[in-house]
Amino acid sequence: MNIILLGPPGAGKGTQAQHLVETRNMMQLSTGDMLRAARTSGTEMGKIVADVMDRGELVTDEIVIGLIREKLQEGSEGGFIFDGFPRTLAQADALGELLAENGFALDAVVALEVEDEILVQRVVNRAKEAIAAGKEARADDNEESMRTRLMEYYKKTSPLIGYYHAKGALKAIDGLASIDEVQASLANALDG
Ligand code: AMP
């Protein structure tokens, strides 16, 4: 099964994706994680995207489509979870083409719905928790970058809700509930 987890930053896409990896043998494809890994390893691409990411803006479609193209070729027995990709209509079109080229279907698009003020709080708390645990917080987990990330989401990513709705693939779930409850609604959306 191949699915997209759609939703604003801080909605819980990554947390839910990890659970699906553990329980369903799926492969998580998070472009955010791939970009952060490129930065840590100091690749040319990592250097190019660093400032854009820290400001909370989107990196170019070309870069993220290239990352996904590579991973899809590897294949995954349990299927793929697209987490944080696609984020623009151009990326959504490209994903459709890449899936078709590789002989894969898109089985569901699940939108996690959470109110903005809760998202900002979650992300600011995520930074505090990381620091308290002696880890480095994400450079974009601060209120200013988070406001930019939300604006990017509304301008460029939220049109994907209509796009996938029109394709008959969209399922919306309440992302405000506890992690366990969201897990249960997600399982329902995928299996029901
Ligand atoms: P995330 O971990 O998904 O919140 O992504 C962190 C940052 O990486 C975003 O704010 C963007 O700067 C960049 N990014 C991740 N995925 C994409 C994407 N699909 N398209 C453009 N930029 C992305």
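These are my notes on the predicted model above, point by point.

1. Ground rules. Since the model is predicted, local features need pLDDT of at least 70 and side-chain atom pairs count only at pLDDT 80 or more, while totals for chains, interfaces and linings use all residues. Residues are numbered from 1 along each chain as its sequence is written, and side-chain values use heavy atoms, with hydrogens and water left out.

2. Naming. Helices (H or I, at least four residues) and strands (E, at least two) are DSSP runs, numbered from the N terminus.

3. Salt bridges, starting with Arg24. A salt bridge here is a side-chain nitrogen of Lys or Arg within 4 Å of a carboxyl oxygen of Asp or Glu, and the count comes to 13. One of them pairs Arg24 with Asp191, with the closest N and O atoms 2.9 Å apart. Arg24 sits in helix H1 (residues 13-24) and Asp191 in helix H9 (residues 179-191), so this pair ties together parts that are 167 residues apart in sequence. As for burial, the cut-offs are under 20% relative accessible area for buried, over 50% for exposed, and partly exposed in between (1.4 Å probe, protein chains only). Arg24 comes out partly exposed at 26%, and Asp191 is exposed at 54%.

4. Which residues does Asp141 bridge to? One is Arg126, at 2.8 Å from N to O. That pair links distant parts of the chain, with Asp141 in the loop between helix H6 (116-132) and helix H7 (143-157) and Arg126 in H6, 15 residues apart. Asp141 is buried at 5% relative accessibility, whereas Arg126 is partly exposed at 35%. The other is Arg149, at 3.0 Å from N to O; here both Arg149 and Asp141 are buried. Through shared partners, salt bridges join Arg126, Arg138, Asp140, Asp141 and Arg149 into one network.

5. Another residue to look at in H7. Glu152 is placed in helix H7 and counts as buried, at 7% relative accessibility. Contact means heavy atoms within 4.5 Å. Leaving aside neighbours within four places in sequence, Glu152 touches Gly56, Glu57, Leu58 and Thr157.

6. H2 against H3. Two packed helices are described by the angle between their axes and the distance between the axes. The axes are lines fitted to C-alpha atoms, for helices over the stretch in contact, and angles run from 0 to 180 degrees between N-to-C directions. Helix H2 (residues 31-40) packs on helix H3 (residues 44-55) at about 120 degrees, with the axes 8 Å apart. On the scale used, under 35 degrees is roughly parallel, over 145 roughly antiparallel, 65 to 115 roughly perpendicular and the rest oblique; H2 and H3 are therefore oblique to each other.

7. From H2 come Gly32, Leu35, Arg36, Ala38 and Arg39, and they meet Met45, Gly46, Val49, Ala50, Met53 and Asp54 in H3. These residues divide into six nonpolar, two polar and three charged, where Ala, Val, Leu, Ile, Met, Phe, Trp, Tyr, Cys and Pro count as nonpolar, Asp, Glu, Lys and Arg as charged, and the others, Gly among them, as polar. Ala50 is buried, with a relative accessible area of 15%. From C-alpha to C-alpha, Ala50 and Leu35 are 8.5 Å apart in space, and they are 15 residues apart in sequence.

8. H4 against H5. Helix H4 (residues 61-74) and helix H5 (residues 89-101) pack at about 20 degrees, with their axes 10 Å apart, and are therefore roughly parallel. H4 passes H5 in a right-handed crossing. Asp61, Val64, Ile65, Ile68, Arg69 and Leu72 in H4 meet Ala90, Gln91, Ala94, Leu95, Leu98 and Leu99 in H5. That contact divides into nine nonpolar, one polar and two charged residues.

9. Backbone points to check by eye. The peptide bond from Phe85 to Pro86 is cis, with omega near -5 degrees, and Pro86 falls in the loop between strand S3 (80-83) and H5. Asn25 has a positive phi of about 60 degrees although it is not a glycine; its place is the loop between H1 and strand S2 (27-30).

Key. A crossing is left-handed if the near helix is turned anticlockwise from the far one by less than a right angle, and right-handed if clockwise.
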